[in-house]
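Good morning, and thank you for coming. Please look at the structure on the screen while I speak.

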Amino acid sequence: MEKSRPLWDNPLQFVFACISYAVGLGNVWRFPYLCQMYGGGVASVVVSFFLSMYYNVINAWAFWYLFHSFQNPLPWAACPLNSNHTGYIEECEKASSTQYFWYRKTLNISPSIEENGSIQWEQAMCLILAWLTVYLCILRGTESTGKVVYLTASLPYLVLIIYLIKALTLHGAVNGLVYMFTPKLEQLANPKAWINAATQIFFSLGLGFGSLIAFASYNEPNNNCEKHAIIVSLINSTTSVFASIVTFSIYGFKATFNYENCLNKAMLLLTNAFDLEEGFLTADNLNHMKEQLMATHPNEYVELLPQIKNCSLEAELDTAVQGTGLAFIVYSEAIKNMEVSQLYSVLYFFMLLMLGIGSMLGNTAAILTPLTDSKFLSTHLPKEVISGIVCFINCIVGLTFTMEAGNYWFDIFNDYAATLSLLLIVLVEIIAVCYVYGLRRFEKDLHLMIGHKLSWYWKIMWAFASPLLIISLFIFYITDYILTGTLQYQAWDATQGHLVTKDYPSYALAVIGLLVASSTMCIPLGALAIFIKRRLKREHRSTVA
Amino acid sequence: MRGFLLLAFSLVTTAHAEFCSPDSQNAFKVRLSIKTALGDNAYAWDASEEYLFKAMVAFAMRRYSSQKTTQISNVLLCNVTDRVSFWFVVTDSSKNATTVPRGEVEAAIRMTRNRINNAFLLNDKTMQFLKISSTLPPPTESSVPIWLVVFGVVLCLIVAGILFLIVSGIQQRKKKNKEPAETKNLEEKCEVTVTIENGMPCDTLNLKTGQINGGYEADDERFTPL
């Protein structure tokens, strides 16, 4: 008698798992579980493997910041002193204390991708801890994962609510909210904005990942997946809007703080240079006084001109935030200026950790489900050992991201490991379900599962709208790759205290090509392999018969 | 007599102007930000405050080199602005018409900087001696980095959790292997009544018993063969 598949304790666990998985850090990869029938089973494991390799590094960073939040004052609040205690460290003065903490204390980043440096033991320890945490959660399969996702799905919402209340009371939060809600009409006409929006939603829901399918495979057959699909999508979208309100309030606070700092610096500079009375210059009369000073003391004013920066609130709000590193820098900068900053810091990084672990559970489920389902492995090794081996291998490979140049390799994986292959995999998936398997058959299966007929909306979406959207996204990405020419990356220049653009060396380009190729090629190769296998079987049968 | 006094006075003022002027040799500029430091409790900068300043500098010079007897009259102030900022220089009464070298004054001020700041209720930032670098306070560092402590605690908890789960998993498997006869009975009966009634194969029932805490062993009897 075949041992039956473990199940979720109740449907709520499945929904929570999906939410926990979807509400992640915005990175999602797909898993063509269905495509396994038509080739590409290896592709999905490959993509998920790439993903889990580097994604847990984010959790390691979250752990690092979390552990450092228990200090007073926060280590990224002020610049450290130089060796003879006469001033601050130069790199920190040129950049800001939060950037210094991120680039120097956390990553200890090297000036370019070629200089590898050594493994940072602190980061390595945090990475090992992150993998141990993931192992603890997936150890028993859905048994343990089912309980953990209650926590990883609900806690971030709790923290977001606390942050919402705090963020709305911050000075300058209104500026951020106004900025968020004023539509930039010229941007709406830009197709790139729409494409980015589509991509974000597409990836955010983790649709093509085998993770959702892996999770769903643990459902009972009569599970109302239509209802769950709608619920998860709605929750994911509302969470995004909710999180944006919090985020933009914090941006507004940070932008206003920096703007006022900039104004104060300019006023101090002018007051000192012209020996004006304290308090003479205010934010309101600054521009007027500047003109007056320029008229009365033209020579000295011209000397000062390069030092006086033009302060603009808009410019501060416009500093676009993208990439995992910037998320750490911007939030830690906002947090250090709040009162009781340790509490908010702990809450924030704990939430980040929950989100990251929730997403990691999905990724590892995507790898482990086919492995534990395969007859060969599950008979020889117990579930715990398979999970342990997968975690161990990922951890060892992940140690490369803890080297000094590790963050550059991280960015490579983040940008290229899955984007193109994911689109291809999803496209194949949807075509396989709708056209190869047949939309009618699929409809009948669903009718059996959910009990009522499928509405025409779903059919039109699956058959026409989604493939079109995916194909257009695919074409956009390809043209983008072709148009940008040689690929470039942002490297941190310690002497200047900001990022500089550099070209990738040839071996890095080779790695990128390998990443993209290995995941995309798997599908046609796998399909070819199965096709040949079937051909041989048919021939064998015909010869026998 | 009056003429002599006038001459002396003019000599002193010219000497004063000679020694103390912006950017003159051995002169330092001082900048105070009283309103920034004290807000509403800010005091006004007047002649009495200047006298106190001269006294503090003389005190600093005396502390630095005990053989010199610097008088308040040796400290010259000039170019006081609204900012409040001014220049000062220390003359040397033992050597005629000279000023104390820059390095000495700087060393003296650095030695007693804290006392000078406190006399005016200011700190290094709000009472700036331009071109005299101040020693910044060293950061407070504990012997064991705090983050390692938290890291250690979390690590121990997680490793304990993993070991617990692994050990309980092994124990469960041992229990399952010890009762092959009972499961065989269950299987035989289940083959008849497997799906139709409740849709759940009996094996999951078995799994569920495994989930129950070992302390409630008695509950196993609930799941007797159907």
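This is a predicted model: local features need pLDDT of at least 70, side-chain atom pairs count only at pLDDT 80 or more; totals for chains, interfaces and linings use all residues.

Residues are numbered from 1 along each chain as its sequence is written, chains are lettered from A and ligands numbered from 1 in the order in which they are written, and side-chain values use heavy atoms, with hydrogens and water left out.

Chain A contains 23 helices and 2 strands; helices (H or I, at least four residues) and strands (E, at least two) are DSSP runs, numbered from the N terminus. Of its 545 residues, 48% count as buried. Buried means under 20% relative accessible area, exposed over 50%, and partly exposed in between (1.4 Å probe, protein chains only).

Patches are made of residues with over 30% relative accessible area and no salt bridge, where like charges are joined within 9 Å and nonpolar side chains (Val, Leu, Ile, Met, Phe, Trp, Tyr) within 5 Å. Ile431(A), Tyr435(A), Val436(A), Trp456(A), Tyr457(A), Ile460(A) and Phe464(A) form a nonpolar patch of about 770 Å². Helix H20 (419-436) and helix H22 (456-484) of chain A each give two or more residues to this patch, and H22(A) gives the most, with 4 residues. Phe464(A) belongs to helix H22 and counts as exposed, because its relative accessibility is 52%.

Next come the salt bridges. A salt bridge is a side-chain nitrogen of Lys or Arg within 4 Å of a carboxyl oxygen of Asp or Glu. How many does the structure hold over all chains? There are 7 salt bridges over all chains.

In one of them, the side chains of Glu339(A) and Lys166(A) meet at 3.5 Å, N to O. Glu339(A) is in the loop between helix H15 (324-336) and helix H16 (341-373), while Lys166(A) is in helix H6 (residues 142-168), 173 residues apart. Glu339(A) is exposed at 54% relative accessibility, whereas Lys166(A) is buried at 12%.

Another salt bridge is formed by Lys29(B) and Asp275(A), at 3.4 Å, N to O. Lys29(B) lies in strand S1 (residues 28-32) of chain B and Asp275(A) in the loop between helix H11 (225-274) and helix H12 (286-296) of chain A, so this pair joins two chains. Lys29(B) and Asp275(A) are both buried.

Key. Accessible areas come from the Shrake-Rupley method with a 1.4 Å probe; for residues, only the protein chains shown count as cover.
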